[in-house]
Amino acid sequence: MSILVLIYILNYVDRNNAGAARSRGLVADLHLTDQQFATLLSILYVGYIIMQIPSNMFLNLTGKPSLYLPACMAVWGMISALTGITTNFTGAVITRFFLGFVEAAFFPGSLFLISKWYKRTEIGFRTAILYCGNIISNAFGALLASGILGGMNNVLGHAAWRWLFYLEGALTVFVAICAIFILPDFPSTTKWLSDDERRLALRRMEEDAGVGDQKETEQGGLTHGLYLAVTDWTVWWFAMAVNAIVVSLSFNAYFPTLSATLGYNPTVSLLLVAPPFVFAVIVTFCLCRHSDYKQERFYHIIGSWIAGIIGFIIAISTMNTAARYVSLFLMAQTYAGLVVMLAWMNNSFPRPPSKRAVCVAIINGFSQLGNVAGSYIWPLSWGPTYRYSYGICIAASGTAIIMAWIFKQHLISLNQKLEREEQEKGIKEKGFRYLL
């Protein structure tokens, strides 16, 4: 898990470094307007969305995440570094598009890899560990950016924001090379497992869902899992719910801008980004651990999102420095609810694995439309209060809560159906049930 977390940290550091560089020369040197900068952020998700499904289908087919994921990581690291040599809007847009195109392999691939090794009672906490890489990246990335942007301007004749892309891209390539020797494959394809260890890993997954997680539930050809996922309305419903909450989390890319509204200098503003996300990591670990322990998802999810809504309301209501900084903590912990939601996704679409791989890709890919839309709801003209932006976030969070409740009611009906079928067949032992 540790190598996945490290990769995810760098995944988001490379994705969000444009936000840190926004006020430190990137916009001025590339002569960007507000609209062009928003496009620079959103274009990444176009490539990201396009590659989600084919990438996870390929991963499920090959069964070699130890080679596939690090290879993609090395490529996106090189592309990120190339962003530092761009001189205009067109060049920056091209590199950002292909960055998203290659980065698309990692997160859905990692979720699918986790679901091949861990049971339903374990997957929430493991998803939290992985996603904390995303959250930590906001803190770590801000600290790293503050050091580079504050101390490397005009070194060797290059602006500090260019060094930010060079150094972070080079670090990503180095870690990718190391990951090849550390990442495991699936239980059935990992070479360094003994026969007993492999049988144990496969047996665990079979006991969890009442059926094996390899070929036991597979029917049809390569595209059968794609067909099952695309024709399942609950997949799209779940994807739209995640999409809504991702819109409310769009503040993430603009967090340095929001912390700057507190009135401190650029370096201090970047440093102030870290504590809210450290807090979010702690909340995420606790919430997901408790969710796994109680085997309950819905109330853990909406509790976090309601706290986030309170944060948005505080930010709308006052320009007091202390209150607005507290609101940033409440906003950041909204990620905890999203992580539990992602664990609920793997619990809700368990078999066959080919369908689960596509479900993860569809939901994660479709949800990124929220990042595309969210890139345009934080124009500088709405600052420094950003009341309209926060209002949109409140509406998006409320929509996500309502959709999650409806999804829960659907799962309740499915569990009741499973219980009736067991009673009709005279089965006394309780079988598989969806987590609510």
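Helices in this predicted model are DSSP runs of H or I with at least four residues, numbered from the N terminus.

Q: Is Ile 180 buried, partly exposed or exposed?
A: A residue is buried under 20% relative accessible area and exposed over 50%, with partly exposed in between. The relative accessibility of Ile 180 is 35%, and therefore Ile 180 counts as partly exposed.

Q: How far apart are the end C-alpha atoms of helix H3?
A: Helix H3 covers residues 65–82, which gives 18 residues. The expected span is 1.5 Å times one less than the number of residues. For H3 the expectation is 26 Å, and it agrees with the distance between the end C-alpha atoms, which is 26 Å.

Q: How many of the 18 residues of H3 are buried?
A: H3 is largely enclosed by the rest of the structure. This description holds because the buried residues of H3 number 13 of 18.

Q: How many of the 15 residues of H17 are buried?
A: Helix H17 (residues 353–367) reaches 21 Å from its first C-alpha to its last, close to the 21 Å expected at 1.5 Å a residue. H17 is mostly covered, and its buried residues number 14 of 15.

Q: What is the relative accessible area of Arg 198?
A: Arg 198 is placed in helix H8. Leaving aside its neighbours within four places in sequence, its contacts include Pro 187, Ser 188 and Thr 190. The cut-off for a buried residue is under 20%. Arg 198 is buried because its relative accessible area is 19%.

Q: How far apart in space are Val 230 and Leu 200, C-alpha to C-alpha?
A: Val 230 lies in helix H9 (residues 224–230) and is partly exposed at 39% relative accessible area. Leaving aside neighbours within four places in sequence, Val 230 is in contact with Trp 236 and Ile 362. Val 230 and Leu 200 are separated by 30 residues in sequence, and their C-alpha distance is 32 Å.

Notes:
Residues numbered from 1 in each chain as written. Predicted model: local features only at pLDDT ≥ 70, side-chain atom pairs only at ≥ 80, totals over all residues. Heavy atoms only, no water. Buried < 20%, exposed > 50% of the residue type's maximum accessible area, 1.4 Å probe, protein only. Helix = DSSP H or I, 4+ residues; strand = E, 2+ residues; numbered from the N terminus. Contact = heavy atoms within 4.5 Å.
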